Amino acid sequence: MDLSHPNSTHELAERMARLSREMAAPRSLEHVLTDVTAAAVQLIPATDIAGVLLVKKGGEFQSLADTDSLVAKLDELQHEFGEGPCADAALKQTVVRTDDLRKEPRWPRYAPAAVQHGVLSSLSFKLYTADRTAGALNLFSFQAGVWDTEAETIGSVFAAHAAAAIMAGRHGEQMESALSSRDRIGQAKGIIMERYGVDDVRAFEMLRALSQEGQTKLVDIAERVIETRSDR
(Lines give C-alpha, C1' and ligand atoms only; values in the text may rest on other atoms or scores of the structure.)
Protein backbone atom coordinates (compact mmCIF):
# COMPACT_ATOMS: atom_id res chain seq x y z
CA MET A 1 0.00 0.00 0.00
CA ASP A 2 1.34 3.40 -0.96
CA LEU A 3 0.70 5.64 2.05
CA SER A 4 1.68 8.74 0.06
CA HIS A 5 -1.59 8.37 -1.85
CA PRO A 6 -4.38 10.64 -0.44
CA ASN A 7 -6.77 7.72 -0.02
CA SER A 8 -4.14 5.77 1.90
CA THR A 9 -3.38 8.77 4.13
CA HIS A 10 -7.09 9.17 4.78
CA GLU A 11 -7.38 5.48 5.61
CA LEU A 12 -4.47 5.75 8.04
CA ALA A 13 -6.08 8.75 9.79
CA GLU A 14 -9.40 6.92 10.07
CA ARG A 15 -7.74 3.79 11.44
CA MET A 16 -5.78 5.76 14.04
CA ALA A 17 -8.92 7.60 15.11
CA ARG A 18 -10.76 4.31 15.49
CA LEU A 19 -7.92 2.89 17.56
CA SER A 20 -8.07 5.93 19.85
CA ARG A 21 -11.82 5.49 20.36
CA GLU A 22 -11.46 1.79 21.01
CA MET A 23 -8.69 2.34 23.54
CA ALA A 24 -10.96 4.71 25.46
CA ALA A 25 -13.64 1.99 25.67
CA PRO A 26 -13.42 -0.85 28.21
CA ARG A 27 -11.60 -3.50 26.15
CA SER A 28 -8.97 -6.03 27.10
CA LEU A 29 -5.30 -5.21 26.58
CA GLU A 30 -4.96 -8.20 24.25
CA HIS A 31 -7.73 -6.90 21.99
CA VAL A 32 -6.22 -3.41 21.76
CA LEU A 33 -2.73 -4.72 21.00
CA THR A 34 -4.12 -7.15 18.43
CA ASP A 35 -5.74 -4.21 16.65
CA VAL A 36 -2.44 -2.30 16.74
CA THR A 37 -0.36 -5.13 15.24
CA ALA A 38 -3.02 -5.94 12.63
CA ALA A 39 -3.18 -2.28 11.60
CA ALA A 40 0.63 -2.12 11.38
CA VAL A 41 0.69 -5.05 8.97
CA GLN A 42 -2.09 -3.54 6.90
CA LEU A 43 -0.87 0.05 6.75
CA ILE A 44 2.93 -0.08 6.82
CA PRO A 45 4.22 -1.24 3.42
CA ALA A 46 6.17 -4.54 3.29
CA THR A 47 5.30 -5.45 6.89
CA ASP A 48 4.46 -9.15 6.75
CA ILE A 49 4.11 -10.01 10.43
CA ALA A 50 4.10 -8.04 13.69
CA GLY A 51 3.89 -8.49 17.43
CA VAL A 52 4.53 -6.96 20.84
CA LEU A 53 7.30 -8.19 23.13
CA LEU A 54 7.30 -7.47 26.86
CA VAL A 55 10.44 -8.05 28.91
CA LYS A 56 9.69 -8.47 32.60
CA LYS A 57 12.07 -7.35 35.34
CA GLY A 58 13.46 -10.85 35.82
CA GLY A 59 14.25 -11.16 32.11
CA GLU A 60 11.12 -13.15 31.22
CA PHE A 61 9.88 -12.64 27.66
CA GLN A 62 6.15 -12.39 26.89
CA SER A 63 4.87 -12.30 23.31
CA LEU A 64 1.54 -10.55 22.78
CA ALA A 65 -0.79 -9.88 19.83
CA ASP A 66 1.33 -11.75 17.30
CA THR A 67 -0.13 -11.70 13.80
CA ASP A 68 1.69 -14.97 13.07
CA SER A 69 3.17 -17.73 15.23
CA LEU A 70 6.56 -16.97 13.71
CA VAL A 71 6.76 -13.78 15.77
CA ALA A 72 6.77 -15.73 19.03
CA LYS A 73 9.45 -18.01 17.58
CA LEU A 74 11.62 -14.99 16.79
CA ASP A 75 11.14 -13.75 20.36
CA GLU A 76 12.19 -17.17 21.66
CA LEU A 77 15.34 -17.07 19.55
CA GLN A 78 16.28 -13.66 20.95
CA HIS A 79 15.70 -14.88 24.48
CA GLU A 80 17.79 -17.98 23.82
CA PHE A 81 20.67 -16.09 22.20
CA GLY A 82 20.49 -13.04 24.47
CA GLU A 83 20.52 -10.70 21.47
CA GLY A 84 18.26 -9.27 18.79
CA PRO A 85 16.43 -6.15 17.59
CA CYS A 86 13.28 -6.57 19.68
CA ALA A 87 15.19 -6.96 22.93
CA ASP A 88 17.45 -4.02 22.02
CA ALA A 89 14.42 -1.81 21.35
CA ALA A 90 12.67 -2.89 24.56
CA LEU A 91 15.69 -2.45 26.82
CA LYS A 92 18.00 0.05 25.12
CA GLN A 93 17.27 2.05 21.98
CA THR A 94 14.13 3.86 20.85
CA VAL A 95 14.03 2.52 17.27
CA VAL A 96 16.02 -0.48 16.03
CA ARG A 97 16.05 -0.98 12.26
CA THR A 98 17.79 -3.60 10.19
CA ASP A 99 17.46 -3.53 6.42
CA ASP A 100 19.09 -6.88 5.67
CA LEU A 101 19.60 -9.53 8.33
CA ARG A 102 21.87 -11.42 5.94
CA LYS A 103 24.44 -8.63 6.40
CA GLU A 104 23.70 -7.77 10.05
CA PRO A 105 26.78 -7.85 12.37
CA ARG A 106 24.99 -6.72 15.57
CA TRP A 107 23.38 -10.08 16.29
CA PRO A 108 25.73 -12.81 15.01
CA ARG A 109 23.59 -15.67 16.34
CA TYR A 110 20.07 -14.31 15.98
CA ALA A 111 20.37 -12.84 12.48
CA PRO A 112 21.23 -16.10 10.66
CA ALA A 113 18.50 -17.93 12.59
CA ALA A 114 15.90 -15.33 11.58
CA VAL A 115 17.01 -15.57 7.95
CA GLN A 116 16.51 -19.33 8.08
CA HIS A 117 12.86 -18.61 8.95
CA GLY A 118 12.54 -16.32 5.93
CA VAL A 119 12.79 -12.98 7.77
CA LEU A 120 15.14 -10.56 6.05
CA SER A 121 14.44 -7.23 7.76
CA SER A 122 12.85 -5.88 10.93
CA LEU A 123 11.80 -2.63 12.55
CA SER A 124 11.32 -2.39 16.32
CA PHE A 125 9.98 0.46 18.47
CA LYS A 126 10.52 0.89 22.19
CA LEU A 127 7.34 1.03 24.27
CA TYR A 128 7.56 3.41 27.21
CA THR A 129 5.76 1.15 29.66
CA ALA A 130 6.93 0.99 33.28
CA ASP A 131 9.96 0.53 35.49
CA ARG A 132 9.27 -3.17 36.01
CA THR A 133 8.42 -3.98 32.40
CA ALA A 134 10.03 -2.97 29.10
CA GLY A 135 8.46 -3.57 25.73
CA ALA A 136 8.73 -3.21 21.98
CA LEU A 137 6.43 -3.19 18.95
CA ASN A 138 8.12 -5.33 16.32
CA LEU A 139 7.58 -5.43 12.56
CA PHE A 140 9.13 -8.05 10.27
CA SER A 141 9.42 -8.38 6.51
CA PHE A 142 10.31 -11.28 4.26
CA GLN A 143 12.03 -8.76 1.97
CA ALA A 144 15.23 -6.74 2.40
CA GLY A 145 15.63 -2.98 2.06
CA VAL A 146 11.96 -2.11 2.58
CA TRP A 147 11.98 0.39 5.44
CA ASP A 148 12.01 4.18 5.06
CA THR A 149 11.42 7.26 7.21
CA GLU A 150 7.68 7.07 6.67
CA ALA A 151 7.57 3.50 7.96
CA GLU A 152 9.46 4.60 11.08
CA THR A 153 7.10 7.53 11.62
CA ILE A 154 3.91 5.47 11.29
CA GLY A 155 5.38 2.68 13.40
CA SER A 156 6.20 5.18 16.15
CA VAL A 157 2.56 6.27 16.23
CA PHE A 158 1.38 2.68 16.54
CA ALA A 159 3.97 2.11 19.28
CA ALA A 160 2.59 5.07 21.21
CA HIS A 161 -0.90 3.54 21.04
CA ALA A 162 0.40 0.17 22.21
CA ALA A 163 2.30 1.75 25.12
CA ALA A 164 -0.77 3.75 26.16
CA ALA A 165 -2.86 0.57 26.17
CA ILE A 166 -0.31 -1.25 28.33
CA MET A 167 -0.09 1.63 30.78
CA ALA A 168 -3.88 1.90 30.97
CA GLY A 169 -4.16 -1.81 31.67
CA ARG A 170 -1.47 -1.65 34.35
CA HIS A 171 -3.14 1.36 35.97
CA GLY A 172 -6.38 -0.61 36.18
CA GLU A 173 -4.58 -3.55 37.79
CA GLN A 174 -2.90 -1.21 40.27
CA MET A 175 -6.24 0.37 41.17
CA GLU A 176 -7.79 -3.04 41.77
CA SER A 177 -4.83 -4.06 43.91
CA ALA A 178 -5.01 -0.83 45.91
CA LEU A 179 -8.73 -1.27 46.55
CA SER A 180 -8.18 -4.87 47.61
CA SER A 181 -5.37 -3.82 49.98
CA ARG A 182 -7.54 -1.09 51.47
CA ASP A 183 -10.35 -3.57 52.09
CA ARG A 184 -8.02 -6.04 53.82
CA ILE A 185 -6.53 -3.34 56.03
CA GLY A 186 -10.06 -2.21 56.90
CA GLN A 187 -11.04 -5.76 57.86
CA ALA A 188 -7.93 -6.14 60.02
CA LYS A 189 -8.64 -2.87 61.79
CA GLY A 190 -12.19 -4.01 62.51
CA ILE A 191 -10.91 -7.28 64.02
CA ILE A 192 -8.43 -5.42 66.25
CA MET A 193 -11.07 -2.91 67.35
CA GLU A 194 -13.46 -5.68 68.31
CA ARG A 195 -10.85 -7.91 69.93
CA TYR A 196 -8.99 -5.29 71.97
CA GLY A 197 -11.63 -2.62 72.46
CA VAL A 198 -9.68 0.19 70.75
CA ASP A 199 -10.79 2.85 68.31
CA ASP A 200 -10.05 3.10 64.58
CA VAL A 201 -6.93 5.25 65.00
CA ARG A 202 -5.41 3.03 67.66
CA ALA A 203 -6.14 -0.11 65.60
CA PHE A 204 -4.27 1.35 62.62
CA GLU A 205 -1.35 2.36 64.85
CA MET A 206 -1.13 -1.22 66.11
CA LEU A 207 -1.07 -2.54 62.53
CA ARG A 208 1.61 -0.04 61.56
CA ALA A 209 3.73 -0.89 64.61
CA LEU A 210 3.55 -4.59 63.76
CA SER A 211 4.52 -3.80 60.18
CA GLN A 212 7.56 -1.76 61.26
CA GLU A 213 8.71 -4.27 63.87
CA GLY A 214 8.59 -7.17 61.45
CA GLN A 215 9.69 -5.10 58.43
CA THR A 216 6.63 -6.49 56.68
CA LYS A 217 4.22 -4.75 54.33
CA LEU A 218 1.16 -3.36 56.06
CA VAL A 219 -1.21 -5.31 53.83
CA ASP A 220 0.61 -8.57 54.67
CA ILE A 221 0.22 -7.87 58.40
CA ALA A 222 -3.46 -7.16 57.79
CA GLU A 223 -3.80 -10.50 55.99
CA ARG A 224 -2.27 -12.31 58.98
CA VAL A 225 -4.65 -10.57 61.36
CA ILE A 226 -7.59 -11.64 59.21
CA GLU A 227 -6.31 -15.22 59.25
CA THR A 228 -6.21 -15.22 63.07
CA ARG A 229 -9.96 -14.67 63.09
CA SER A 230 -10.55 -18.14 61.68
CA ASP A 231 -8.14 -19.65 64.21
CA ARG A 232 -10.18 -18.58 67.19
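The partners are Trp107 and Tyr110, and their arrangement is edge-to-face. Their centres sit 6.5 Å from each other, and the planes make an angle of 80 degrees. Please keep in mind that we are looking at a predicted model.

Are the two partners buried or exposed? Trp107 has a relative accessible area of 1%, so it counts as buried. Tyr110 is buried too, with a relative accessible area of 0%.

Now let me turn to the backbone, and to two alanines. Start with Ala46: its phi is positive, about 75 degrees, although this residue is not a glycine. Where does Ala46 lie? You will find Ala46 in the loop that runs between helix 2, residues 29-43, and strand 1, residues 49-56. Ala46 is partly exposed, and its relative accessible area is 25%.

The other alanine is Ala65. Here phi is near 55 degrees, again a positive value in a residue other than glycine. Ala65 belongs to the loop between strand 2, residues 61-64, and helix 3, residues 69-81. What is the relative accessible area of Ala65? The value is 6%, and because buried means under 20%, Ala65 is a buried residue.

Go to Trp107 and Tyr110 for the edge-to-face pair.

Notes:
Residues numbered from 1 in each chain as written. Predicted model: local features only at pLDDT ≥ 70, side-chain atom pairs only at ≥ 80, totals over all residues. Heavy atoms only, no water. Phe/Tyr/Trp six-rings, centres within 6.5 Å; stacked < 30°, edge-to-face > 60°. Buried < 20%, exposed > 50% of the residue type's maximum accessible area, 1.4 Å probe, protein only. Helix = DSSP H or I, 4+ residues; strand = E, 2+ residues; numbered from the N terminus.
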